[in-house]
Amino acid sequence: MVRRCLTALITVSLLTTGCNWLVPILFMGEHKRSVPPEFDKLVGKRVLVFVWAEQETLFDYPHIRYELAGHVKTRLENNIEDCQVVDPAGVEDFLQRTFDAVNDPKHTGEHFQADVVLYVELLQFQVRDPNSPDLLQGKLSTAITVFDLSVDPDQLSEYTLAPVDVVYPEQPTIMSRRNAMLIRRETYSKFAEELVRKFHEHQIDL
């Protein structure tokens, strides 16, 4: 009884004297909220990641389709249950050999017997700003469309999702070969993370 009274007195004393060290305990908890997926039909599906890029971009970054698709593949398979992603190397080889397929994601998906095609239209990609060639900052902008090849012809099979735009790092950094490779890789990785969040529930900070 004495111990309870003593504890109560100490607590009242701390609260009335302006000591706020108990506040974090009273309001503990991560301040996050759950965000539902934009498209939730990739579980258990065979998915093909189709990256389209302009010829100018391919001239400067000839492997960007394969590299970007590879990052997305890893994220998808790590975050979506039973999601199997078509090998980007096989897709790139097919696109190199089949000229008409470069602009036909649905045909490419059908060729690889995919259930879903994730079409990534690369609108902008740069690591160096033409106006400041001594500085590095990755910028990547895309339009995203999903083709569901598993549904009946009379059902909705094409979904336009919100675009994904990535800038990395937040502030430009000094040019060097090592920095250029690092920023390019991290820009890919950040893009893949943001894209794959569209397909599973996730949390964001408030």
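A: Y188 is buried, with a relative accessible area of 3% in this predicted model. The cut-off for buried is under 20%, so Y188 qualifies. What does Y188 pair with? Its partner is F125, and the two rings are stacked. Their centres lie 5.6 Å apart, with 25 degrees between the planes. Stacked requires planes under 30 degrees apart, so this pair meets the criterion. F125 is buried as well, at a relative accessible area of 8%. The pair links distant parts of the chain. F125 sits in strand β4, while Y188 belongs to helix α7 (residues 177-196). They are 63 residues apart.

The structure holds seven aromatic pairs. One of them joins F94 and F112, edge-to-face. Here the centre-to-centre distance is 5.6 Å and the planes make 85 degrees. F94 lies in helix α5 (residues 88-97) and F112 in the loop between α6 (105-111) and β4 (116-129), so this pair ties together parts 18 residues apart in sequence. Both F94 and F112 are buried. Elsewhere, ring pairs join F39, Y159 and F199 into a cluster.

Now the whole chain. The protein has seven helices and seven strands. Their order from the N terminus is α-α-β-β-α-α-β-α-α-β-β-β-α-β. Of its 206 residues, 35% are buried. Among contacts with a separation of 6 or more, 70% come from residues 24 or more positions apart. The accessible surface is about 13,000 Å², and carbon and sulfur atoms contribute 52% of it.

How values were computed:
Residues numbered from 1 in each chain as written. Predicted model: local features only at pLDDT ≥ 70, side-chain atom pairs only at ≥ 80, totals over all residues. Heavy atoms only, no water. Phe/Tyr/Trp six-rings, centres within 6.5 Å; stacked < 30°, edge-to-face > 60°. Helix = DSSP H or I, 4+ residues; strand = E, 2+ residues; numbered from the N terminus. Buried < 20%, exposed > 50% of the residue type's maximum accessible area, 1.4 Å probe, protein only. Contact = heavy atoms within 4.5 Å. Areas by Shrake-Rupley, 256 points an atom, 1.4 Å probe, with all protein chains shown as cover.
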